[in-house]
Amino acid sequence: MKKFIFPVLSGTILVSFWLLSCTKNHNTDPCGPFDNRFISTGVSLYTLRVISYDSVYHAYLFDTLHETDTVPFNKLAIQVIPVKKFYMGSAHQKRSTFSIFNEVYACTPPIPYSVEENYVTITCTKDFDQIHKSGNNLVDIFDVAILDLYKNIIYYRMSLKDYLALRPNSKDELILLLNKAPEKADNYTFTIEYYRTFGTDEKVFEVESGNIFLLKE
């Protein structure tokens, strides 16, 4: 099984941006302009198994999940990543840093963010339980772990229903996590519809989880 980890990356990412972009130039503006906004042009989906979770550092360890695998319901993770198209926002940011050396400029590319709103629905190809029938929206039986680098939110977990009520803008990544067991152990296929609204431009991207055999515990 291929294993990978999602640690707290915010500090590392910000420092990396700084190191890669710093320049010293006494004659010209060393910064920007930068493409610091994005809109979603599609969605990628991956099914994963949760191996462990560190609630202090918000770090998940996952295995890749294949269709022939079985997984306890509370270990299923559906990773949803928007496909981004970047465009120009504010022209640039320039920041001076304190130094004992002569004039130094630190060029800091801003972290891209989205101004579009997004919403998701989740349906299943068969009845999940007596309440959640095939074709019904299942957002109330999922939590979501959110990655939003612009707001420094690193895999913060909350109810998906509560998250969507906030009318969120698109994030760098969403990890959907079941919070309720199915009525019976069986194969389930989940369909995620990812809606995004950007001004008057509305689009829906549909992706499927593939066949997943869920255990009740």
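The structure is a predicted model, in which local features need pLDDT of at least 70 and side-chain atom pairs count only at pLDDT 80 or more, while totals for chains, interfaces and linings use all residues. Residues are numbered from 1 along each chain as its sequence is written, and side-chain values use heavy atoms, with hydrogens and water left out.

**Overall fold**

The chain contains two helices and 14 strands. Helices (H or I, at least four residues) and strands (E, at least two) are DSSP runs, numbered from the N terminus. Of the 217 residues, 43% are buried. Buried means under 20% relative accessible area, exposed means over 50%, and partly exposed lies in between (1.4 Å probe, protein chains only). Among contacts with a separation of 6 or more, 71% are made by residues 24 or more positions apart; a contact means heavy atoms within 4.5 Å.

**Nonpolar cores**

In soluble globular proteins, nonpolar side chains tend to be buried together. A nonpolar core is a set of buried Ala, Val, Leu, Ile, Met, Phe, Trp, Tyr and Cys residues joined through side-chain atoms within 4.5 Å. The largest such core here has 32 residues, and Phe 142, Leu 160 and Phe 190 have the most contacts inside it. Elements that each supply at least two residues of this core include β2 (37-54), β10 (142-148), α2 (160-165) and β14 (201-215). Another core, of 13 residues, lies apart from it and includes Phe 62, Ala 77, Ile 111 and Ile 175.

Strands β10 and β11 (residues 153-159) run antiparallel and are joined by six bridges; two strands pair if DSSP finds at least two bridges between them. Asp 148 stands opposite Ile 153 in β11. Four residues lie between the two strands of this hairpin. Asn 152, in the loop between β10 and β11, has a positive phi although it is not a glycine. Tyr 155, in strand β11, also has a positive phi, near 50 degrees, and is a residue other than glycine.

**The cavity**

A search of the whole structure finds one cavity of 30 Å³ or more. On a 1 Å grid over the protein atoms alone, a cavity is a set of points where a 1.4 Å probe fits but cannot get out, and lining residues have an atom within 4 Å of a point. Grid points are joined across faces, edges and corners, and a volume is the space filled by probe spheres set on the points. The largest cavity holds about 40 Å³ of space. Among the residues that line it are Phe 38, Ser 114, Asp 148 and Ser 170.

**Selected residues**

Ser 170 is found in the loop between α2 and β12. Its contacts, not counting residues up to four places away in sequence, include Phe 38, Ser 114 and Tyr 194. Ser 170 and Tyr 194 are 24 residues apart in sequence and 9.9 Å apart in space, C-alpha to C-alpha. Ser 209 lies in strand β14. Leaving aside its neighbours within four places in sequence, Ser 209 is in contact with Leu 45, Thr 47, Ile 78, Tyr 188, Thr 189 and Phe 190.

| Residue | Relative accessible area | Class |
|---|---|---|
| Ser 170 | 3% | buried |
| Asn 152 | 46% | partly exposed |
| Tyr 155 | 2% | buried |
| Ser 209 | 9% | buried |

Note on methods
1 Å grid on protein atoms, 1.4 Å probe; cavity = no way out; pocket = protein on both sides within 12 Å on 5 of 7 lines; lining within 4 Å.
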